[in-house]
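Subject: Structure handover

Hello,

Here is the structure I said I would pass on. My notes on its salt bridges follow below.

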Amino acid sequence: MFKISRREFVRISALTGAATVAAACANPTATPAPEATTAPIATTAPTGSNTGSEATPTTAASISSFSEAPMLAELVASGDLPPVEDRLPENPVVLPVKESLGVYGGTWRRAFRGTSDATGMTYLNWNSLTRFNEDLTIAPMLAESWDMNEDATVWTWHLRKGTKWSDGTPLTTEHTQWWWDNFANDKELNPAGIAAYKTGSGDDQQMCELSVEDDFTFIFTFAHPNPLFGFKVIWREFPMMPGYYLEQFHPTFTDEGALEAMITEEGYSSWVDFFEGKRQEHTNPGVPRLDVWLYTNDIVNELVITERNPYCWMVDEEGNQLPYIDYVNYRLYETPDVLNMWLVNGEIDLQARNVDVGNFTLLKENEADGNYQVVVGVEPSHVAVSLNLTSQNEVLRKFFNERDVRFALNFAVNREELNELVYDGLMTPRQYSPVEKSAQFYPDQAFANIEFDPDKANDLLDGAGYDQRDSEGYRVDPDTGETVFFAVEGIEAAGTPYEDAMQLIVKYYGDVGVKCAYKYTERSLYESREAANEMDCGSFSADRTVMPFLAGDNDSIFTGTNTQRPWACAWALWHNNPEDPNGQEPPADHWILDMWNLWNESMVEPDSDTRNELFFQILDIWKEEMPMQGYLGEMPALAIMHNDMRNYAAGYPIGWLTHGLSLLNASTFYFENGAEHNA
């Protein structure tokens, strides 16, 4: 039996009332489909040596003919598009389907919350050399195959012959070489290089070397072992670009005057910003892509429309070119309540992004009326607070660096009450730590020091020298006499359960005399502030807990190098780029250096058990030092799925690393009655 708070009751009443009015004008709903089957989640760690050949068919040799969507067949018949056989690679990717082979057609309706939310669109589209299988091993994608030498320093990649960009241009290693020469190693575009293509640390850190062997074979050679490289290239590390198109925006190939004129005309401040805008599909729909769906307009629109890529290089096991769905539309919303209204009214077909677990009761109660089902997966995120140990405010920097202060703010929060009041008891009181499904799960740290003990919190704060209070009962700095105050900045606006959680945490802090307030900050501003180390404290839902090794050297919350969770912001900026003007080198004896050293050891360790033991030593430091305040985790991840949608199932991780819903291959999702889903 799910409990509903007074606040939630008010929100449910308001939203369901609005949904009822809207539903009165809608078409009759279909009969609900059976609930999706819960699937197991892998508990083994990746080794970095899986070629994917055992897990997923990678050859189309058994397919005698290929088929395509009716909308493309019409273009072929009119002579506006080559036959499907000429648009596919010689050996296209053959993707498995979760339930059944699909049918073509329909428009998949989704929602987004502004330009800073482009990642949610990218999740459905992004493709690289490899991809995840359901069990979190890896399989070939754009790469037909690969080879790794014994010490994991040499990786040889073989592309699929006949793969084409979205404009029909053949994909070859020429586009890897262009990416390497003009992007990866351009000191203005990537002053510190690209993390996934670097190994080593400190003065010994260096980019790998690229060798192009022929039109479809290239080799990356690393100075140090890189056993996880096959996993690292899955996300955001795409080693090729359509240089034939992008060179018009690059100073190496374009007249300086002509380039400056374009930059001025389009309102960019530099050629770097201009190039970045032109290479990304959500800001420049004209750039050739290898995506499943292509943008027809850019992300500044209230309705962003993407349509199937006629040169998509994936098929199902019977040779049907993917995707099954014709269009994916993204509708802009400004407040969480608007999204919730669309959800309960059945106006969203399949979405997990920004669907908050705190609305579980609301969403479940409206399943029948909205003709959808709530599908539950595993969310890697935690409710957490990042006290910036490198704050520019000297009073706060001293305060946060007191170990007893960090422990006091840990004991000050009633996790059980927080869980019940905000999340209907669906989460688990715990520290920020790998989730139970992870091979790096470490209960010794995950459940340490999670008791609610305000008396202990007060004693620790008094003992740290903050025993004096102002007229309102808040603690003051012993040296300056000023009240200690900080803002917890976050990207969750008023009305969201996460914001509710932050407001309650702020109250718990106040109960032990620590004055603070939650401050909503729009994501792009949040990111600019943390990039400048201007944030005293941040709260950005803390994830990267399913496969923590794959976060990357410069993007790990566990080692403090992810600046969105700015518990070590200036040190992270220095670590990620020693030339960063906002970066600072940590003190020579600081424990964060031990974390970095252990991480560097783990990154070159080929044995998974030994690698895990090194990571557990990092978690031992977390247990001892409490670098970030973690309060709740093991969050159920909610997806809203129309009852006519197929090939998506419950029970899988839904997070950044596994591309949201796309772990099960978004290109294979389809509507049972596609023609009835044309927006």
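**Salt bridges and burial**

Glu 347 counts as buried, because its relative accessibility is 18% and the cut-off for buried is under 20%. Please keep in mind that this is a predicted model.

The partner of Glu 347 is Arg 331: their side chains meet in a salt bridge, at 2.8 Å from N to O. This pair links distant parts of the chain, with Arg 331 in strand E14 (residues 327–332) and Glu 347 in the loop between helix H10 (336–344) and strand E15 (350–351), 16 residues apart. Arg 331 has a relative accessible area of 35%, so Arg 331 is partly exposed.

In total, the structure holds 30 salt bridges. Two others are described here.

Glu 68 pairs with Arg 87 in a salt bridge whose closest N and O atoms are 2.7 Å apart. Glu 68 sits in the loop between helix H1 (6–23) and helix H2 (70–77), while Arg 87 belongs to helix H3 (residues 84–87); the two are 19 residues apart, and the pair links distant parts of the chain. Both Glu 68 and Arg 87 are buried.

Arg 544 forms a salt bridge with Asp 555, with 3.1 Å between the closest N and O atoms. Arg 544 and Asp 555 lie in the loop between strand E21 (537–539) and helix H20 (569–576), eleven residues apart. Arg 544 counts as buried, since its relative accessibility is 8%. Through shared partners, salt bridges join Asp 543, Arg 544, Asp 555 and Arg 565 into one network.

Regards

Notes:
Residues numbered from 1 in each chain as written. Predicted model: local features only at pLDDT ≥ 70, side-chain atom pairs only at ≥ 80, totals over all residues. Heavy atoms only, no water. Salt bridge = Lys/Arg side-chain N within 4 Å of Asp/Glu carboxyl O. Helix = DSSP H or I, 4+ residues; strand = E, 2+ residues; numbered from the N terminus. Buried < 20%, exposed > 50% of the residue type's maximum accessible area, 1.4 Å probe, protein only.
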